[in-house]
Structures are given as C-alpha cells and as structure tokens.
Amino acid sequence: MLRTALAGLRAHRLRLLLTALAITLGVGFIAGTFVLNDTVQAGYDQRVTADAAKVDVAVLPKGPDAVLPERLLERIRALDGVTEAQGLIRAPAPVLGKDGKTAGNAPTTALSIVPGPLDRTDIVEGTGPGTDDQAAVLDENTAKAQGFRPGDTITVLDARQREHRFRLVGLLDPGVDQELSYTGAVGFTAATAQRMTGAKGYREIDVAGTAPGLKQAVAAAAGGAYVVKTGGELATDLARAAGVETEMLTLGLLMFGLVAMMVAALVIYNTFNILVAQRTREMALLRCVGATRGQVFGSILLESSVVGVLASALGLLVGYGLASLTLTVLAAVDAPLPTDAAVTLTPVTIAAGLAVGVVVTLGAAVLPARSATRVAPIAALRTQAEEQTFRAGVVRAVLAGLFLLAGLGTAAAGVFVLPPGQQVSLVVVMAGGALTFLAVLILGPVLVRPLSALVGWIPARLFGVPGRLAVGNSGRNPRRAATTTVALTIGVTLMTLISVVTASTRQTMTVKLDEQFPIDYALSSQRLDAVIPRSVATELRGRPELSSVVQLREARVTVAGRRLGVGTYAGPIEPSLTAGSMKGLGPGQAAVDDDLGFGLGTAIQVRTPEAGTVRLKVVALFDSAESPLPQVTVAEGAFDTYFGAIPDTRVLINIRDGVPPARARAVVDAAVAAYPTVRVASSTEIRGQFDETLDMLLMVITGLLGLAILISLLGIANTLSLSVHERTRESALLRALGLTRAQLRRMLSVEALVLGLIGALVGVVLGVAFGWAAIMAMLDGAVFSAPVGQIALFVALSGVAGVLAAVLPARRAARASIVGALATS
Amino acid sequence: MRMNVTLTPAPPAVVARDLSKVYGQGDAQVHALRSVNVSFATGAFSAIMGPSGSGKSTLMHCLAGLDTVTSGTVHIGDVELTGLSDRRLTMLRRERIGFVFQAFNLLPTLTAEQNIRLPLEIAARQADQPLFDRVIETVGLRDRLGHRPSELSGGQQQRVAVARALISKPQVIFADEPTGNLDSRSGAEVLSFLRTSVRELGQTIVMVTHDPVAASYADRVVFLRDGELVTEIAAPTPQTVLDTLVKLEA
C-alpha cells in the first residue's frame, strides 16, 4: 500500500503542489512569527546582558514614583567590598524644539550620565557630557525629529519651567528602553540632571564590587524598603519587561496565522475530497484486488502526511526568510526593537511549525479518507463516475437553523442586553459571530445555487453562452463550491468587519467631537500640568476673533482614599448632568463624575493643600464622556480657597463664525508664544492624528488578512483545475460544437468570478452585520458607518482575484486537444 | 489496393485527397491514415467501417476538422480545412458541421431543449422554429424537452444529440459510433431516425461504426484497413457488410 500511496502522490503532483502551497504559506507565517519573536527577544537579552554585566548589584525603589535617598547612596559607598556606587537620576525635563515649544507628545526624560565603569549609556555619536555641566546629549530620534546636530545649542526647561541652554555634545541610543524610546532622552552630568529635574533622589543605585555576599551586604544596608538585585537578576527583569510587548505582538500575529491555517485546512479538505471522488475507480480497483478499508484509509492519510511534512518543512524555510525580511525592514525604518541578533530557527519553532502543518493537513484529510473507504469494489466496473448529487436534508436545515438562532441570539444579547463599552459585551458578540459563521458553513451548500444565480445574473447576460454555462457550472457541485467559497468568505468577513469597525469608530469620534466638544483649539501642556497663566485666557477673551474661551484648572489629590482630579471651570460650558443640579454650586458642594460611584447627597473627604481636609457634599452627577469637566468639580471661588490661585490646566477655545481659522490660530499662537510648555492643539489636528492611527491599523490588519485571502485563492485555483479535469470531455464536446478557445477560457473565468463573488458577498453581509454588532458592543453611543467604497473594493478584488485564480486552469482546458479529450473515458 | 471512388453528379459534401496521418516519431511512428482518397455525397447517408485500429475514427476526426492532418487536403463543401487556424476551424464547425458521439453527447447541466439549441446559441443564430418543431416531432421527444440528461434513457439521450446536430442545418453530420452504447432496440430507433433525416430533410450524414447492422442503414459503406481505403459497397445489407468484413479480416 505504501507504494500505491507514493505513486498516487507522484500522479497528482500539481494538485498536491497547490495544496502544499497553502500549508507552506500558513506554516511560514506562524514560523516567521516565532522566529521574529525569538530574534527580538535574543536581541533584548544580548543588550540587557551586556549592560547589566557592568553592574554587580542594583538597588531599586518599590513603586513607580518612589526614589532612593542620597543618604542610601552614601551608606552603600561606605560598605566594604564596594569599589564604586552611582545613583541614577531619571525625571522629566522638556527639551524645546526649534519652534520654541516643548518637543514631542511627552516631556523628554532627563538622565544622569555617570562617569566611570558603571556608565551604561550607549553614545553613538560625539561624546558624553563628561564632567561638563553645560553639555548635554540627546537621543537619536529626538535629535533627528527636531533637526539638532552635535555642536548645536539646545534649550531645556527645568522643573520650574525656566529655560536653560546646553551645548549638544553627542547622541545616545535609548536601546531597548520602551519609555525612553517614547519620551525621548536628554543626558546630563549627575549634578546638572539633579539641578534640572529637581529630583529628590535616585531611580536606581548601581554598585560595582567584588566581595562575596555583596548583595546581602547591600540589602542589609538598604533595609526592607528597597529592592536589591544582582546584575544577572536585573538583566533578566529588564529583558522580560522589554519582551512583554513583543509577546503581545507575537500573540496578535499568531491569531492571523491561525486564521490562515483555518483557511488552509478548508482548502486541503476540499482538495482531498475531490481527489478521492476522482479516484473512485482507483479505490474500487484496490478494494477488488484485496485491499481492506483500513488500507485505503491509511493510503490517503499517508499521502496527506507526506504532503503535510514536506509543505511544513518548506514553510519553516519560508518563515525564516519572512522573519529575516521583516527584521531588515524594521532595521531600515529604525523601529525601537533590537534587530541585530542572529536569526535562528529554534527547535521549538521547528517542532511547532511541523506539528501545526502536519496536524492541520492530517485533520483536514481524515473525512475525505473516510469517504474513500466507503467506495464499493463494484464501482471499479462502472464506466462513468457519477456526478455528486446534493440534497438539502432536514438534519442540515435544523442544525443550521439552531446555530443561526443561537448565533444571532448571542450577538443580539451582546448588543442590546449587556452594557456597551465592556469587554464582555464584545466577547459575547464575537461568540455570536462564530456561531453564525458555523451556521453559514453548514448552510453553504444550500446557499450556493441561489447565490450563484444572484451574482451570476449580470455575467450570464453579459458573456452569452459561456457566461450562462459558467453560472450553471458554479452551482453544479454545491458542496465543493461551498467549501471553496467559505475559505474566501473567512478573509472577506474579517476584512469587512475591521473596516466597518474602524469607519464606525472614526464616525463616532467625529460626531462626539463635533456635538459634545465643539472646540476649535485646546491649550494644554504635555502632561496636563497646571501651567497656563490665567492671564492667557483673560487676554483671549478680549479678542474679537474668538467666540468663547473656557478655563479648566485641576489638581490631583486624595479624595476618599483615591487619587482623583479635583478642579473647577470658568466660561460657557453646559455640563450634561445625569442627576442633581449645578445651579448655584457653592463652597462645600461638588459635582462628580457619575462613573466614580458616589451617590447624590454623599459627603466626600478631600485633602487640600491650602484648607486641609474639607468635606464636600455631592449635589450633581455628570457624564464624563460628554462633559470635559474635572472628575470632582467645585465652584471657582471655592477651588482657589482649597488649592490657591494656581494656573489653568486646559483652555478650550472656539472661533467666532466667519473668522478664517488661520487668523484665529495666529491670535492663539501669539497669546501663548511666551510659554513654551503650553501647546496649541486644533480639533482638526487631533482628528488627523486619530485618522492616521486608524488608517495605519486598518492597513496593517488588512495586509495580515491578505495571507488568508491568498490561501483561499489557491483553493479556488485548485477546485477549478480539478473541475476542469473532471469536465475534460464536456469541454471537448463544447469545442466540437463550436465554442472557441477564448470562449472556453472565458467560461472558466466567469465560473471563478461567480465563486469569488459568492464568497465575497457572504463575507460582506457577515462582516457588516457583525461589524455593526461589534461597534455597538465596543463603544457607548456608537455611530454605525459602513465604508461603502472600501467594501465595494473588497468585492471587486475578490472577483478579480477569482478570475486570476482561473488563469492557469483555463489555459490548460483551452489547450487540450479535442480528439484526445474525447478519447479519455 | 487503392481504388478511385466514382463521383455522383451533385457536388460532394466532403472530399479528402491523399490524406495521411502519422502519429509519433522514429521507431514509434504509427501511420493511422495512408493517402486516403474519399468523397461523401451530399444528401446521402454514408458509413465508414473497418476493424479496430483501422483508422476509421482518425479519418472522421480529420474530416471534421477535429484533428490536424500530416499531409493531403480535406474539403467541406468549397472550404479547404487543412491549414485553417483553430479559430477558423471552430467557426467552420459551428456553421457547417454537426456531431453525434458515442457517449457523453450532452451537457449534464442543461435540459434536453437547451442542449438541442446549444449550437445555435454558441453561434448566436436564431432557431428555425418550423425546423425545430419538425425535428422534435420526428425524434418524438416533445414531452421530455424539460428533462436533464440524467433523467433520460440512453436512446433518448442519443436522439437528443441527433436533434441537436440537425437543428443548425449543417452541411454534414459526423456520427461516431452513435449506437455503440445502446441496446439493439434503442439503436434501431436512432438509426432509423438518422435515415429518416437523410430522406426527409436532405441531411448529409457520415457515420463511423463497427456494427454491420448499423452500417446496413446507410446508402453506402466504405471500408478501411490499416489506414487505407480498401473497398466500398452500395445499398448494403447486414449480410453483405459482414461478408466484406470477414474477407478483410482474413
């Protein structure tokens, strides 16, 4: 039987090649993800290990905002066996760009660069500050973005917003530090860093020493209030922290890999099914000459496992190449990931890739193999393989109905019953989607014929006889057509769903921005600190170009045991209240965010710097999604009593109707020109940034789903070429009756077009429906929007892709000689 | 032995001159046809006979423009087939030639009527409705027109195939073992129907067969052996055909 199975493999090389390609692509993607993850992780390890090798013991504070006192450093320095100890400062110090405004979206992080062997900074150009208190280094990305070169003078704000000038002497690479990559970094001598940030202590104390038991000695000196680690432990922890994001990314990518494998499984299932159907006589002959059912079953499985192993092995190579390519691209665009580690296929990757590939292939071939065992020996004697007939059974209808009901019911519960904006609602909706998809899968063969008549309506009229024959052929073997198109449906459903969700998110945000925050400009600092002098708002109120100016000021203090923003506002705001009234809000009263859970009439304790702990009575609750108020809002006068006359945190500005935005913008810019930390954001800019992020996300996801689509196209090509093979004599007959080669090719193209369109149509319906459900479950007050252009594009591309998939099968069909084809039985 | 076939007064529907067909190369060369000269009269029912491997199917394929010839010429009416492009040949088949094959004559997705009208639709021609009605009457399939091939008997399927060949009024119909898969009663039905269409519609039919009874329905039978035309008989009976065959085999 082994020999028979291998001969079968050889005979069906081309068809199995297409199948193998489906597996190769899926395994390649999964293996590539693993390789990428391993390489990046290895890169982190390398860097972190090299860094941490310099440190023998490190002392860290407990908690993200805590620091290590100066005294501790002195105590450690005094310990026996400590050759060197340095404290590291790390705190915000905004660098100003060439426009005189704070650079970037977050304040730059100032670092102390210590002299001697404990220095872990990676200076890539120029030098470090050394002992020069007037020198500074910047990270590469900030320097590039702001156009600074070593030798330039840069301006940095200290903790009290005063400007200081430094000579830029070098550039540093923030390495794998995610925080520094985001904020940017500016390095000073330890003394300057302390002076600029006003830091009250160190974020880390590094110790070098040779004495045995150094960690214990340092731990004893530090006491229980701090964390003490060896250099090795520090490296492990740093690498793990850096790798967490990579792991999330890996998980995300693996999801797409799984979708691809699912599609590949459908393609394989279909191919083996058709191969078995075509080899009915061969199977029957084997049974006639004495093969048992088990042997027939085994030979099919053996065939599939050989295909699975070969394709998966190839997939591993593809994955390796894919990962190398991705790393090259990432390195070229300066992604904040280590890309320099050696790319390796680890045994785990190899095992996982092979296992996934072989298991999926074997699993998909089990059902076809089982149906091969049902072939009766007598079938060998029948001349004509009979067409597979299909009748919609009662069981199928009932099963599909149940799944459909369960799916729609679950999704409806997620949308209408569960509260929107909660993760559980989305999960429930997605579960409903999965159930509905199963219903469609079961119902597929029933749907194919009516759908092919529907989408084939135009092609049948447009392409004459070939068109009509093609539409008839597309619904001829409903089970096969359904499996072929469902593979495509998966990809199109997900793509449509994602594009509906992004479009609806965009629409919802736009509507919310327009209706609830009709603001043209907002003034704020990078960290929403209270830094806007009240005079700015006063000045702006006097300008005729502006119609309204709202001041908001806020302080973060402890309220009933929680850190909350307590603040006030001045200017025309209509808070959207859910309970109570803010009319005549007086001292001792507050309006609070209804999400906080304080009831109307309760008293809350607020610790204030100027008036000690005060009791506030809740007189109103507001909806924070619709009102830009501080979480706990008090009257303006009362706020000053509690917190002093602090500056504004935010100023919201509207342009008077008819004033050109450019003129209004000039007025606003002029008013804040003297305050480098105050940044002007326009709603169109905010929207633009938001749009860019969404577009980027959509592009990446669509690209990743493209793989699933590609695999499903292999499925279409495979099904078509098998159909062409089955209909060799039919094609010859048509040619004899006067169908030209071009018409025969067109007939197959139209058939593929119809298959592609059916898959796309079902996908679009499911995608739009569940996109709607998903967005309703995800966002409170969501506005549905279907990007008709995009969806039409998906449908059109599916059709075109189907036609492309038909090119080779159609060529083969048209090339066949009529006499030869008529002779084959 | 080579013989010249006498021409009937009306111009022949199909003429082959010095027709040769060679398959393969070198030692594997097979001469399927060796300088065959033959013509088939318009409005006549002719049969081509011969033992297995005599080249009768190859001859039909070459005459019908389904296969290319190695040398010699073929004319259908006044058109020379040899040297025509695939496209021109396809057009010629559409307009001038009808086919009835041994099996697999019909498209399983189409009804009997759709199958019958298929050649006209491929050629984008209007059906001649009186002719259609007459053909349907003669074939006796009026009540089966809406059925698909899988719902028809073998004999009915072949009758549909003959109707399809007749409907476009081709210059010649080539029938390749049209009764090969039928029981004798259905076979007789199809053969009488073929003969009726020659008598009443003036159709020209060239039939390849190895069955002496089938050949006896024809007006004239030509015999092939080893790719050569060896003899012919007019007004055949099963007995005369069988005798000639036995002589050939000897």
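The report below takes the domains, then the contact inside chain A, then the contact between the chains.

**Domains and annotations**

This is a predicted model. Chain A is divided into four parts: domain 1 (1-57 + 235-383), domain 2 (58-234), domain 3 (439-517 + 683-824) and domain 4 (533-674).

UniProt, in an unreviewed entry, places "domain: MacB-like periplasmic core" at residues 17-218 of chain A. That span is 35% helix and 27% strand. Its end C-alpha atoms lie 65 Å apart.

An unreviewed UniProt entry also gives "domain: ABC3 transporter permease C-terminal", at residues 255-375 and 704-817 of chain A. Residues 704-817 of chain A are 85% helix and 0% strand. The end C-alpha atoms of this stretch are 42 Å apart.

**Domain 1 against domain 3 in chain A**

The centres of domain 1 and domain 3 of chain A, taken over C-alpha atoms, are 25 Å apart. Domain 1 of chain A brings 24 residues to the contact, and domain 3 of chain A brings 25 residues. Together they bury about 2,200 Å², with 78% of it on carbon and sulfur atoms.

Three residues lead on the domain 1 side. Arg15(A), Phe256(A) and Leu266(A) supply 24% of the area that domain 1 of chain A buries against domain 3 of chain A, more than any other three residues.

On the side of domain 1 of chain A that touches domain 3 of chain A, α2 (13-52) and α8 (231-278) each supply at least two residues. α8(A) gives the most, with 15 residues. By class, this side of domain 1 has 18 nonpolar, five polar and one charged residues.

**Chain A against chain B**

Here 22 residues of chain A are in contact with 23 residues of chain B. The area buried between the chains is about 2,100 Å², and carbon and sulfur atoms give 68% of that. On the chain A side, Leu733(A), Leu737(A) and Val819(A) lose the most area to chain B, together 28% of what that side buries.

Charged pairs also cross between the chains. The rule finds three salt bridges across the interface of chain A and chain B. In a salt bridge, the side chain of Arg741(A) meets that of Asp86(B) (3.7 Å, N to O).

Four helices of chain A, namely α15 (464-474), α21 (728-736), α22 (741-778) and α25 (818-823), each supply at least two residues of the side that touches chain B. The largest share, six residues, comes from α21(A). This side of chain A has 10 nonpolar, six polar and six charged residues.

**The two interfaces in numbers**

| Interface | Buried area | Share on carbon and sulfur atoms |
|---|---|---|
| Domain 1 and domain 3 of chain A | about 2,200 Å² | 78% |
| Chain A and chain B | about 2,100 Å² | 68% |

How values were computed. Residues are numbered from 1 along each chain as its sequence is written. Chains are lettered from A and ligands numbered from 1 in the order in which they are written. This is a predicted model: local features need pLDDT of at least 70, side-chain atom pairs count only at pLDDT 80 or more; totals for chains, interfaces and linings use all residues. Side-chain values use heavy atoms; hydrogens and water are left out. UniProt positions are given in the numbering used here, feature names are shortened, and annotations may be inferred rather than shown by experiment. Contact means heavy atoms within 4.5 Å. Buried area is the accessible area (1.4 Å probe) that two parts lose on being put together, summed over both. A salt bridge is a side-chain nitrogen of Lys or Arg within 4 Å of a carboxyl oxygen of Asp or Glu. Ala, Val, Leu, Ile, Met, Phe, Trp, Tyr, Cys and Pro count as nonpolar, Asp, Glu, Lys and Arg as charged, and the others, Gly among them, as polar. Domain bounds come from an automatic or database domain assignment.
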